[in-house]
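Hi,

Here is the structure I promised to pass on to you. Have a look at it first, and below it you will find my notes on what turned up.

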Amino acid sequence: MPVTIVQKNKKAFKKTKVDPITLDVIESALRSARFEMDAVLFRTAMSPGIREQHDEFPMIANREGKMVVGQFGSFIYGFKEAYHGTIEEGDLFLTNDPYSCGGAISHLPDWLCLLPVYRNHRLVAYAAMFGHMTDIGGKVPGSLPTDAHQIYEEGIMIPPTKIYKGGKLQSDILELILHNCRLPHWNRADFNAIIAALRTAEKRILEICDRFGDDTFDSALAMMLDRNRRAMKHLITTNIPEGKKSYFEDYICDDGVGMGPYKIAATMWREGEKQIWDFTGTDPQSISSVNFYLNEEMFKMFVGVFMIMVFDPQILFNDGFYDLLEVRIPAGCLLKPMKPAALSCRTHALGRIFDIMGGLLGQGAPDFLNAAGFSDSPHFMYSGYDKNGEWYQLYQIGFGGIPGRPFGDGPDGHSLWPAFTNVPNEFLEAYFPLRIDVYESITDTGGPGLHRGGNGVSIGYRFLEPGEISVHDDRWLTYPWGVNGGLPGGRSTKKLVRRNGTEELLPSKCDHIKVDEGDILYFNTWGGGGWGDPFKRDAKLVAADVERGLVSREGARRYGVVLTADGAADQRATEELRARLTKERGDIKLFNFGGTIDELKARCKAETSFEPPKAPVFQKWHQVAARRLRAAE
Amino acid sequence: MPYRLGVDVGGTFTDLLLIDEKTGQTSMAKVPSTPADQSKGVLIGIERVCAAAGIDANEITHVMHGTTVATNAILVLGGAKVGLVTSKGYGQVLQIARSFVPGGLGGWIIYNKSIPLAPLELTIEADERMSAKGEVVRRLDEGDLVRKLEKLKKKGIESLTISLVNAYVNGENERKVRDVARRVLPDIPISISSEVIPEMQEYERTITTVANSYVAPVVRRYVRNLHGELSRKAKNVQLHILRSDGGLASVDASANYPVNLLMSGPAGGVAGAIWIAKQSGFKNLLTFDMGGTSTDVCLVQKGVAQLRRETTVGDVTVRASSVDVRSVGAGGGSIAHVPELTKALRVGPQSAGADPGPAAYGKGGEQPTVTDANMVIGVIPDVQRLGGEMPLDRKKSEVAVQKIADALGLPLMKAAQGIIDIVNENMFGALRLVSVQQGFDPRDFALVAFGGAGPMHANALGKLINSWPVIVPPSPGVLCAYGDATTRLRDEASQTFIRKFPDTTNGEVQKILERLQERAAKALDAENVPRKDQSSSYQIDIRYSGQGLVLTIDIADLKDFKKNGLETIAKKFDAIHTQMFTFALTLPHELVNLRAVVQGKAASVKAITVGKGSKDPKAAKIGSQKLYADGKIVNATVYDRKRLKAGNRVVGPAIVLEMDSTTLILPKHYGEVDRVGSILIRPLN
């Protein structure tokens with residue numbers, strides 16, 4: 001390991017036996033500390049992305065860097081692998097460079113701060129947190145250029161840097177960084193907020209050590225990790241059949257420069273107690289910015305969390321089970337791009353990973369299988385100078401339909417990301433030159449099923465100042481698939497209505513679209529796939545959905561439900577229609593993708609008004625470089 | 001002779017406390033609660049307490065009442081069929097809510113969202129629009145609205161909410177919609193968001209106003225019935241309902257803004273704790289109210305409970321001021337379990353409730369609860385009766401807790417102690433949330449414990465959080481009635497006023513505050529509180545421009561505000577921000593809300609005192625009990641609380657019994673009985 005950890009106190013930790021009660025007490029205390037980190041951050045951060053939408057992730061790890069509480073897995077392994085300096089008491093690290101931390105964070109707007117916690121001059125734990133900054137400079141406001149070919153176009157790059165040294169802020173460095181951002185006061189406040197959250201975690205960790213002793217604390221963390229490992233081992237061996245390989249593939253529709261779709265392929269199987277995920281077959285890295293540097297450890301956490309939620313939500317997750325998973329990602333592919341590949345628009349591939357996991361794990365256990373969800377976080381950006389000559393800049397995350405699940409219907413217009421919330425429209429109208437004309441879910445976009453997928457959302461942004469907008473979304477070509485008989489959800493669209501009444505559809509990914517006062521953008525996200533046979537859904541529920549405007553009368557027929565003139569389910573007509581449709585449909589397949597990629601491309605122009613994306617052209621250099629890398633290994 | 005009466009309706013008992021306003025002398029009564037119609041129990045209680053005091057009910061001038069009617073309506077979904085009018089394009093404001101899915105990464109897999117309090121089929125959109133600056137950008141289409149309201153009428157709505165975008169800046173369009181609605185639906189209560197809660201954020205404002213509509217009919221019925229019945233017994237009586245924020249509301253205010261009553265019950269408890277602790281000489285408190293299914297905690301500074309501008313009941317969170325009571329799902333009925341996979345010991349949030357209740361109740365409950373763990377380790381002696389009547393079954397508790405012991409591979413006693421330690425840790429988390437997490441040092445606070453299970457866990461909590469003394473007041477039920485009776489009439493008027501400091505002046509802010517003060521004072525005038533008995537205070541909510549949080553700063557005196565009011569406020573804000581978050585910023589400060597609070601005079605109440613005794617409590621000793629403490633069995637002395645006298649010093653391990661609670665004093669601690677009968681527990685050295 002290149003990093004050197006400096007500790008004045010060389011005394012080794014003594015392994016002590018911790019009784020199960022103390023263990024649980026320490027676990028609860030750490031969990032409270034993690035929630036307190038969130039609370040401090042939300043209250044003091046300033047960018048709407050963090051303070052209103054909660055685009056941030058906290059974590060506490062043991063002294064080896066293994067996450068004991070948090071959600072995205074440890075950010076520390078990658079950092080320790082890639083960083084060549086020392087870790088010393090009083091240090092606090094800042095980085096945003098995925099290539100310098102093994103992808104622990106995956107694009108430059110995510111600023112990761114990392115605090116080694118010392119007690120009596122000995123490293124006892126780490127606290128870490130990253131948050132998405134609204135802007136970090138680069139070629140486009142919001143710093144997420146769809147057409148970037150190299151990471152150097154995407155804003156300032158900060159290698160792992162001691163932003164605090166010996167407990168002192170290196171203000172020269174901070175100022176240098178802020179000088180490169182379009183909204184430095186937001187970055188400064190958000191940075192301060194992250195630091196405040198880390199200091200809070202540090203305080204709590206030290207209190208726990210005071211209470212129980214360093215050795216007990218250290219041993220307890222090890223036991224928490226071990227406890228989780230045992231639980232995961234049980235989950236893996238009981239739920240994943242040995243030897244049988246499952247395969248699944250899904251796509252991101254395009255790369256923002258006219259090519260696509262890009263395939264993400266994964267094969268999963270079990271050998272003994274070990275679960276293996278192999279991404280061989282995934283397309284090579286893109287020439288644009290849709291690459292997603294997927295950290296293997298983070299992916300393990302995704303898998304763990306997903307399995308826990310699906311099979312036994314009582315289990316608390318941490319890094320303890322990492323050696324039970326093996327993740328193979330070929331270098332130079334979309335999920336392990338080589339520097340200097342652009343990374344800013346990785347959100348689509350990141351989101352799609354969850355659909356792939358669901359599709360793979362669910363194949364063996366269809367009862368636990370969820371439909372395709374809102375596997376993305378589409379972005380909307382709007383900036384310019386207002387009438388007073390002041391710069392305004394908005395970055396906003398959109399939401400869509402949660403998929404139909406074994407547990408029930410998917411909520412309409414909700415977030416798949418933990419703790420994320422929408423921005424109140426009154427907040428937008430008060431602070432940005434915008435009026436939100438419409439904020440509603442889109443009828444019939446939820447995939448029909450025994451459990452309906454949630455509807456996507458339509459936001460109608462009326463612009464009150466001339467400016468430029470960016471749109472980043474996906475699933476405009478491929479469908480959010482349905483499962484166990486459920487149908488796919490509706491796809492996304494973006495429509496710009498000019499003040500003079502002319503309409504134009506915008507592509508799913510675009511920057512630098514000029515808008516004028518009075519123009520309206522309808523930002524329509526996609527719905528969740530349906531779960532289970534829609535013909536078996538209680539016709540009364542379908543009638544209620546129609547009355548609520550979530551499904552149309554016409555849409556009810558996709559459930560085989562016929563309504564009377566006053567909106568009630570027509571029992572007899574429904575039975576007849578269902579019998580006929582069931583017969584026509586034939587056998588239910590596990591997945592319903594709404595067509596093959598070739599079929600979707602063939603229908604593309606007619607259905608979306610856009611030409612189908614061209615087949616991706618891949619570069620040679622990184623393939624050669626990747627081969628060299630493999631040979632060296 | 002004027003009397004005032006405090007009434008607390010609990011799940012089991014209704015407690016009443018009658019105060020002679022001239023002398024401060026008190027009388028008490030306790031009668032069974034009548035859950036189907038709470039007012040019945042109240043009226044029976046009034047007869048009882050008047051008889052006890054030997055007075056005529058006509059002599060009662062003020063009745064102060066904490067009620068859970070509004071809370072229960074939401075918890076059991078027993079509210080009205082609410083119709084909702086939104087702006088065009090916003091009909092799904094409750095359906096989409098804040099898009100938030102609880103439960104962390106992957107939480108969506110198991111999250112099922114409940115149907116909004118005003119469902120979509122009862123929601124209509126008014127064609128109108130207000131801008132963020134408060135200008136009407138689109139006039140209301142009345143004809144269209146009438147047609148839509150007729151449809152709601154056909155659907156039989158019982159209550160109506162009007163919540164339009166940007167109405168927090170200008171409520172003109174909402175009032176227009178209301179005028180139309182009154183014509184179409186003359187007989188149903190209408191709540192409009194610009195009156196209920198004129199604050200930014202359309203979802204929060206809408207859900208708050210809808211919650212108001214949801215509980216309005218049931219609260220209205222209850223309050224008016226009770227008032228009518230009371231008036232028949234006592235001609236000149238004024239009824240006041242305790243609000244969530246600890247103030248009192250008139251009958252009309254309660255009926256119109258019942259969303260402000262959702263925490264009425266807990267607010268009474270906190271007010272009572274404040275009053276009783278004051279009698280013992282303590283004003284900085286952590287209150288700790290542990291019941292059967294949950295525990296409520298609250299921080300009190302200098303005799304004033306912390307407030308927050310949010311109230312949560314069940315899965316509904318509304319914007320309404322309430323005493324900052326935080327609840328955790330940890331109570332005497334919380335169930336302990338050991339998940340198969342992790343072999344970890346978990347306690348709660350599932351609760352055995354009152355029925356079947358803990359195994360010890362012998363009502364068929366077999367799951368091990370916190371109460372059972374307390375039975376096993378001996379905190380609850382055999383002589384104790386549930387609610388003073390029902391015997392408890394130790395054997396059944398042991399059988400239940402043994403399951404945990406087996407699953408963990410621990411001896412029975414250790415497992416029982418483990419359950420108690422875990423539940424204590426959960427409650428400790430809640431206490432930390434209101435103290436250290438807000439920048440308060442718990443060592444500066446006394447811990448006041450009440451509720452059915454509170455006094456059993458209080459000493460251990462004191463140890464964890466280091467708050468001494470731990471105060472265990474006598475008779476937990478009466479505590480709330482004390483709270484109700486001693487509360488002051490209070491009204492507040494507030495206004496959202498978002499301005500960066502450079503964009504306003506001290507004079508402008510002062511003028512607004514004075515106007516707000518006058519508005520609140522008028523409300524008290526209407527309650528016959530003379531101006532000389534009114535006292536006013538002022539608050540400003542501020543933040544750094546661009547921040548989401550607001551911190552509330554009190555203004556001591558408005559007279560000097562003109563000179564350097566805002567400057568002083570800014571300094572105070574920076575100091576608090578640094579204390580809470582380790583940093584201050586150089587960005588401009590921004591005003592968010594201005595508020596004036598006007599209060600009436602506090603009632604003078606004399607506490608009931610216990611007679612003076614010696615240091616030795618042996619006269620109250622009624623036996624001894626084997627207790628598992630600090631990893632071994634010890635002999636705890638058992639005392640009868642009724643017989644304890646002021647000055648008695650009870651050294652732990654000891655157990656003090658009274659009809660509706662059990663106090664545990666741990667080894668190496670002692671409890672001192674004071675003048676009013678509170679037990680003050682402290683470490684021995």
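The C-alpha centres of domain 3 and domain 4 of chain B lie 47 Å apart. Those two belong to a set of four in chain B: domain 1 (1-268), domain 2 (283-468), domain 3 (490-599) and domain 4 (609-685), with bounds that come from an automatic or database domain assignment.

Before the rest, a word on conventions. This is a predicted model, in which local features need pLDDT of at least 70 and side-chain atom pairs count only at pLDDT 80 or more, while totals for chains, interfaces and linings use all residues. Residues are numbered from 1 along each chain as its sequence is written, and chains are lettered from A and ligands numbered from 1 in the order in which they are written.

Staying with chain B, there is an open sheet of 4 strands in the order 31-32-34-35, with mixed pairing. Strands here are DSSP runs of E with at least two residues, helices are runs of H or I with at least four, and both are numbered from the N terminus; two strands pair if DSSP finds at least two bridges between them. At the edges of this sheet are strand 31 (621-629) and strand 35 (661-665) of chain B, each pairing on one side only. From one strand to the next the twist averages 25°, where axes are lines fitted to C-alpha atoms (for helices over the stretch in contact) and angles run from 0 to 180 degrees between N-to-C directions. Strand 34 (residues 654-658) and strand 35 of chain B run antiparallel and are joined by 5 bridges; B:Val656 has B:Thr663 as its bridge partner in strand 35.

Strand 31 of chain B also turns up around helix 10 (residues 370-377) of chain B. Is that helix buried or exposed? In helix 10 of chain B, 8 of the 8 residues are buried, so it is largely enclosed by the rest of the structure. (A residue is buried if 20 or more other C-beta atoms lie within 10 Å of its own, exposed if 12 or fewer, and partly exposed in between, with C-beta atoms placed from the backbone.) The partners that its buried residues pack against include strand 22 (346-351), helix 11 (394-408) and helix 12 (412-434) of chain B. Just after helix 10 of chain B, B:Gly378 takes a positive phi of about 100°.

Now for chain A, which has 14 helices and 24 strands. With 633 residues, a compact globule would have a radius of gyration near 26 Å, and chain A agrees at 25 Å; that radius is taken over C-alpha atoms, and the globule rule is 2.2 Å times the number of residues to the power 0.38. The C-alpha trace of chain A spans about 80 × 65 × 50 Å along its principal axes, and 61% of its 633 residues count as buried. Of the contacts in chain A between residues at least 6 apart in sequence, 74% join residues at least 24 apart; a contact means C-beta atoms, placed from the backbone, within 7 Å.

Chain A has an open sheet as well: 4 strands in the order 10-11-12-13, with mixed pairing. Strand 10 (246-252) and strand 13 (325-328) of chain A stand at its edges with a single partner strand each, so one side of each is left without a neighbour in the sheet. Strand 12 (residues 274-278) and strand 13 of chain A pair in the parallel sense over 4 bridges, and A:Trp277 has A:Val327 as its bridge partner in strand 13. Helix 7 of chain A lies across both of these strands, at about 125° to strand 13.

Elsewhere in chain A, strand 14 (residues 379-385) and strand 15 (residues 391-397) run antiparallel with 7 bridges between them. In that hairpin, which has 5 residues between the strands, A:Gly389 takes a positive phi near 75°.

Finally, how do the chains meet? 64 residues of chain A are in contact with 51 residues of chain B. Helix 1 of chain A gives the largest share of chain A's side, 11 residues. A:Ile60, A:Cys113 and B:Ile419 are among the residues that touch the most other members of the largest nonpolar core, which has 378 residues; such a core is a set of buried Ala, Val, Leu, Ile, Met, Phe, Trp, Tyr and Cys residues joined through C-beta atoms within 7 Å. Helix 5 (residues 184-212) of chain A supplies the largest share of this core, 13 residues.

Best wishes

Methods
Contact = placed C-beta atoms within 7 Å.
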